[in-house]
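Work through the exercises below with the sequence and the structure open beside you, and try each task before you read its solution.

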Amino acid sequence: MSGRVLLLTGGGLVALAVSLAVAVTIGPADISTADVWASVAGHLGGGGSTLPPLRDGIVWNLRMPRTLLAAVCGAGLALCGAVMQSLLRNPLADPFVLGVSSGASTGAVAVVVLGVGGGTVSLSAGAFAGALLSFALVMLLGHSLGGGMDRVVLSGVAAMQLFSALTSFIVLTSADAETTRGVLFWLLGSLTGADWGQVLLCAAALGAVLAVCLAHATTLDAFAFGEEAAAGLGVHVVRARLVLLSATALLTAVLVACTGAIGFVGLVLPHAVRALTGSGHARLLPVTALAGAVFLVWVDTLARTVVDPQEVPVGVVTSLIGVPAFVAVLYRGRRKT
């Protein structure tokens, strides 16, 4: 690993640690960074927090899980975006290109509006089931059409439109105004209600998928030259593609089930990081994950404070920031060419 990448990785870890500590202090309650460290040390050290119960509850039970979930979600979405762009050889690919987010939305709406599961199935569980159903449909349809990546992408577009239409139909025909508002807020991406269970689940999925992707870093480098060239370099194309698509789809499904669909993180950040690290995936993937984590921590902080006491869906803020950032990346690429 080059000195520059080591510097970027180390700087990213420091920036993430500082961002987590500072973001937890921002909000209506007056919390200091010393309070944050005291709460974390007390709970992790096993000796109990020295803070008053109310302040400790705000830090440990409310703000810390939400901030950590934002970091994990940002890292996961950015990682999936980088892998999908390389695997599909499409700079516009993002984690939702296989219709996973649309399927998750339909599953969530089916639980909340139609009462699927009879009250025993949570919104997150319904979203995860819908995401897996959408991914299975895409892979089955893509395989039946010949199995090429272009067919898989087109199948993803078809699944996206199908599940988006189902979601709209269910909401328009069955939901009341209050339910519609709540569903819409979730569909736009929200970290409200984050808890430690979601943090641990998403972190475990992120760790597993990151390990899989790093193990396939040279394979992703080979895919940059096309599938035929990758096969000529000794890559088992079908198996590698299935493993990477399944891993990224699974991670995306877990993240969307917990936070809703948060766009532009997986589309913009891989391009920005690639300009710093180059295209080698052993360097690109960890730095991209760190960049995504830091980015979403601050986006979520902005979303919950900019119009306080109201809260803006995180997906709205990422889009407002992501669009001009993506245009800037495109102009930079044009100047280089």
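Axes are lines fitted to C-alpha atoms, for helices over the stretch in contact, and angles run from 0 to 180 degrees between N-to-C directions. Helices (H or I, at least four residues) and strands (E, at least two) are DSSP runs, numbered from the N terminus. This is a predicted model, in which local features need pLDDT of at least 70 and side-chain atom pairs count only at pLDDT 80 or more, while totals for chains, interfaces and linings use all residues. Residues are numbered from 1 along each chain as its sequence is written, and side-chain values use heavy atoms, with hydrogens and water left out.

**Exercise 1.** Describe how α4 and α6 cross.

Solution. Begin with the axes of helix α4 (residues 100–112) and helix α6 (residues 149–174), which come within 8 Å and cross at roughly 25 degrees. Angles under 35 degrees count as roughly parallel, over 145 as roughly antiparallel, 65 to 115 as roughly perpendicular and the rest as oblique, so α4 is roughly parallel to α6.

**Exercise 2.** Describe how α1 and α2 cross, and find which residues meet.

Solution. The axes of helix α1 (residues 3–25) and helix α2 (residues 33–45) also come within 8 Å, but here they cross at roughly 110 degrees. That makes α1 roughly perpendicular to α2. Next, look for contact (heavy atoms within 4.5 Å): A21, V24 and T25 in α1 meet T33, V36 and W37 in α2.

**Exercise 3.** Find which helix has the lowest mean pLDDT.

Solution. Recall that pLDDT is the predictor's confidence in each residue, from 0 to 100. Among the elements of the protein chain, helix α14 (residues 314–336) has the lowest mean, 80.
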